[in-house]
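Take a look at the structure below.

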Amino acid sequence: MSTTLHNPPLLAVRDLCVEFATRKGTVNAVRSVNLQVAKGETLGIVGESGSGKSVTSYAVMRILDRAGRIAAGRIEFGGMRLHDADEPMMSDLRGREISMIFQNPRAALNPIRPVGKQIEDVLIRHAQATRDRAKEKAIEALAKVRIRDPEARYHAYPFELSGGMCQRVVIAIALACKPQLLIADEPTTGLDVTTQKAVMELVRELTRSEGMSTLLITHDLGLAGEYCDRIIVMEKGAVVEQQDTRGLFAAPAHPYTRRLIRSTPHAARNIRDLLPEDLRLPPLPPLQVGAEPLLEVKDLVREYAPPGGLLQRLRGRGDAQPFRAVDGISFSIARGESVGLVGESGCGKSTTSAMVMRLLDATSGSIRFKGRELTTVPSGRFAGSPLRRELQMVFQDPHESLNPRSTAAQSIADPLLRLEGMTDAAAIRDRVEALAAQVGLPLELLDRLPHQLSGGQKARVGIARAIATKPELLILDEPTAALDVSVQAVVLNLLADLKAEFGMSYLFVSHDLEVVRLLCDRVIVMRAGRIVEEGPSARVLSDPQAEYTRELLSAIPRPAHLAGHAAANRAVST
């Protein structure tokens with residue numbers, strides 16, 4: 001869809017500057033940003049974590065936190081001045097005319113209110129439904145974002161849903177009133193590829209049919225390349241380049257843009273291709289896989305009581321069947337091997353990884369690590385096991401996995417204190433700084449608390465903490481989902497180097513099949529709690545045997561603009 005800006009834009013941002021007051025002085029988070037969004041247009045904003053993408057959108061919505069302020073510039077929406085609008089006016093516009101999908105879905109939802117009621121609240125507040133019809137429209141909104149059994153999920157609380165399903169609820173709330181402008185801040189971070197495609201196709205359809213405009217903030221250049229008409233590239237709070245999408249990929253003008261494109265997994269033949277040209281590392285050594293399995297999982301089952309099960313039994317209707325999140329799966333991981341676990345949100349991937357990590361007890365089945373049965377130790381007591389230091393995890397949600405009262409340095413140092421027994425403060429600090437450098441976390445951020453870090457920076461803290469004890473098995477639950485592509489490239493190469501150097505094994509849970517293709521030796525595909533296909537990554541992802549695997553692969557955004565870069569990378573590699 002071609003879009004021009006000859007007509008007055010729906011949104012115009014001129015010379016926007018945003019400042020934050022901190023203990024160490026004023027931080028200029030956004031510097032002289034100019035952008036326009038036309039009616040019916042989708043504009044993408046890409047850039048590294050901390051580049052000012054989200055802050056720009058928060059300024060448009062007028063939801064900067066107390067320490068932030070618009071220091072200069074103008075924001076106009078449909079002829080209305082938003083930069084100096086009062087709160088009653090903004091409250092009326094938010095949700096009805098301008099809606100936003102936030103990066104952290106759990107923080108955006110009320111934890112003590114059913115998700116269906118939260119959709120109703122928006123519909124009723126903005127007169128989009130009467131109280132009699134609000135429930136029906138809320139269920140329709142859940143169905144549009146491909147939530148299974150929306151009638152049942154209407155009554156669910158956020159803690160009862162997976163991260164991906166919470167993200168879908170947030171998207172349903174944002175789209176409920178069919179706003180003129182949708183601001184999507186990393187809207188598909190927690191979604192599997194099939195749901196990502198369904199949601200983005202829905203957004204594109206609404207953009208076209210309703211004349212809605214979209215401001216898409218993402219670190220996924222493949223996603224931006226497929227769904228955006230124009231793309232703005234931001235670095236360190238400033239716009240460094242903006243072009244129409246085809247022109248940006250065909251002839252990127254700024255070195256930073258070229259580096260981002262090179263770091264996109266779609267254009268890479270191997271994991272080293274993701275790195276910048278000035279950071280060339282030697283090829284990885286051949287895979288060394290141990291003869292004996294490090295981890296053996298057999299007939300693993302995890303059941304949950306059905307919704308309302310106790311109430312039904314009290315009423316004499318005890319025939320409800322338990323829900324099987326994991327349904328009798330078996331697999332193994334050898335020493336030095338990296339195994340990818342992929343599938344749609346809710347298929348049982350994270351539940352499987354939590355049971356292997358001993359954060360969750362299995363209903364039945366066996367988990368053997370280094371020949372020792374782990375299920376004999378209850379999950380609540382496994383923290384005291386000697387095997388704990390050899391089994392570490394990077395969690396999916398970087399926001400909830402860090403202690404809000406601990407600095408980044410304290411979080412990274414925690415396993416060194418508890419599991420390594422280190423006591424020398426200087427040695428601990430040196431080790432923490434070395435780990436931060438390994439994952440690309442600037443040292444000046446080590447003394448900040450989690451709320452002072454961006455989502456990508458918090459993810460890096462979680463990875464540094466997990467590798468601190470050099471575990472034999474590292475479980476990674478969507479470890480790079482919150483990272484921009486250039487940092488993802490560094491982290492993935494770091495993981496590959498650690499595996500080669502220390503013989504570390506990985507269980508890599510991911511929605512991103514392109515990342516799995518580059519990092520993992522084998523891949524396991526799950527659907528509805530069962531394994532539908534497994535085998536070498538090169539074979540499964542190029543010649544899948546299961547129809548479901550083919551569906552996953554066909555849903556990956558593959559913009560034609562990246563084809564030339566992929567061919568160039570292959571030519572350089574050969």
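The paragraphs below go through a sheet, a helix beside it, and the nonpolar cores. Keep in mind that this is a predicted model.

Start with the sheet. Strands of a sheet pair through backbone hydrogen bonds, either parallel or antiparallel. Here six strands form an open sheet, and the pairing is mixed. Read across it, and the order is β6-β7-β8-β3-β9-β10. Which strands sit at the edges? They are β6, residues 98–101, and β10, residues 238–244. Each of these two pairs on one side only. Neighbouring strands are turned against each other by 15° on average, with direction ignored.

β6 pairs with β7, residues 181–185, in the parallel sense. Four bridges link the two strands. Find I101: opposite this residue, in β7, stands A184.

Next comes a helix. α11, residues 255–262, packs on the sheet. The helix touches β3 (42–47), β9 (230–235) and β10. The directions of α11 and β9 make an angle of about 105°.

Turn to the nonpolar cores. In soluble globular proteins, nonpolar side chains tend to be buried together. The largest nonpolar core in this model has 57 residues. Which residues have the most contacts inside it? They are L474, L495 and F508. Helix α17, residues 485–502, gives this core its largest share: eight residues.

Beyond its neighbours within four places in sequence, F508 contacts residues including V339, L341, L476, L492, L495 and V516. G340 and P479 are also among its contacts.

Technical notes. Residues are numbered from 1 along each chain as its sequence is written. This is a predicted model: local features need pLDDT of at least 70, side-chain atom pairs count only at pLDDT 80 or more; totals for chains, interfaces and linings use all residues. Side-chain values use heavy atoms; hydrogens and water are left out. Two strands pair if DSSP finds at least two bridges between them. Axes are lines fitted to C-alpha atoms, for helices over the stretch in contact, and angles run from 0 to 180 degrees between N-to-C directions. Contact means heavy atoms within 4.5 Å. A nonpolar core is a set of buried Ala, Val, Leu, Ile, Met, Phe, Trp, Tyr and Cys residues joined through side-chain atoms within 4.5 Å. Buried means under 20% relative accessible area, exposed over 50%, partly exposed in between (1.4 Å probe, protein chains only).
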